[in-house]
Amino acid sequence: MATPLHRTIAAELRHRVRSGKLQVGESLPSESQLCEEFSASRGPVRQALATLRDEGLIGGGQGKRTVVLDTVPTQPFESFLSFTHRAELTGHTPGQKLQEIALRRPEPEIAAALEINADDLAVQLIRLRLLDGRPAMLERMTYVESVGRPLISADLDAGSIYALLTEQGVDLHSARHTFDAVPANSLDAELLDVPEGFPLLRERRLTTDSHGTPVEWSEDRYRSDTATVTVTNTRSSRSAML
């Protein structure tokens, strides 16, 4: 199936922003110029610009010149749980290679985080994630048994675990993320193709359902040359009055 034209236009403009061809503060070509460049009507061009505007990459429109605001797209909740979605959002091709998966008793600290008994079984897996064919992140994931059992027989090299679980009706409602830096251990170094001790960005994530019950604990280790984290704080009018 052919890629819709507005997605093609958005991907190209996103690439220009991320690569620095379009700098922060620089104006984008006009709608008429984009129509001519991509042999498109104004509809797909406006859809593409709306997408980039929603991602926080550009601002303006409705009579104001369209300018680049940032080089890193904002990410919706789903992208924080799905490497696949995040990669596609930023114009990369995601990939994955399952290293192991097993039903076993998790480490005491993980069992405590998942609020399960020390003797309870959980599904644990290690999977290497790729960006454009290059190692980018190593994920270590633990699921409570009721959620994780279907993963044992699934093809986890095919795509997003998050998408697979949501298709099966698993309630993934909220997540708490903790970021820090750690040196690569021997397994990290081997799979991520970096020297031991290489600095990695670590994300620890606890995902809960809509009742607040933990369903997943994950520790993801990113090559520091392929990942960044941007945090935007906005003060509400209510908080300003407190």
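In which strand is Y143 found? I located Y143 in strand β5, residues 134–144, where strands (E, at least two residues) and helices (H or I, at least four) are DSSP runs numbered from the N terminus.

Before going on, I noted that this is a predicted model, in which local features need pLDDT of at least 70 and side-chain atom pairs count only at pLDDT 80 or more, while totals for chains, interfaces and linings use all residues. Residues are numbered from 1 along each chain as its sequence is written, and side-chain values use heavy atoms, with hydrogens and water left out.

**Y143 and E216.** I looked up the accessibility of Y143 and found 2% relative accessibility, so Y143 counts as buried (under 20% relative accessible area, with exposed over 50% and partly exposed in between, for a 1.4 Å probe and protein chains only). The side chain of Y143 makes a polar contact with that of E216 at 3.4 Å; such a contact is a pair of N or O atoms within 3.5 Å, and within protein one must be able to donate a hydrogen and the other to accept it, residues adjacent in sequence counting only if both atoms are side-chain atoms.

**T207.** I then turned to T207, which lies in strand β7, residues 199–208, and is buried at 1% relative accessibility. The side chain of T207 also joins that of E216, through a polar contact of 2.7 Å.

**W217.** I checked the C-alpha distance from Y143 to W217, which is 6.5 Å, although 74 residues separate them in sequence.
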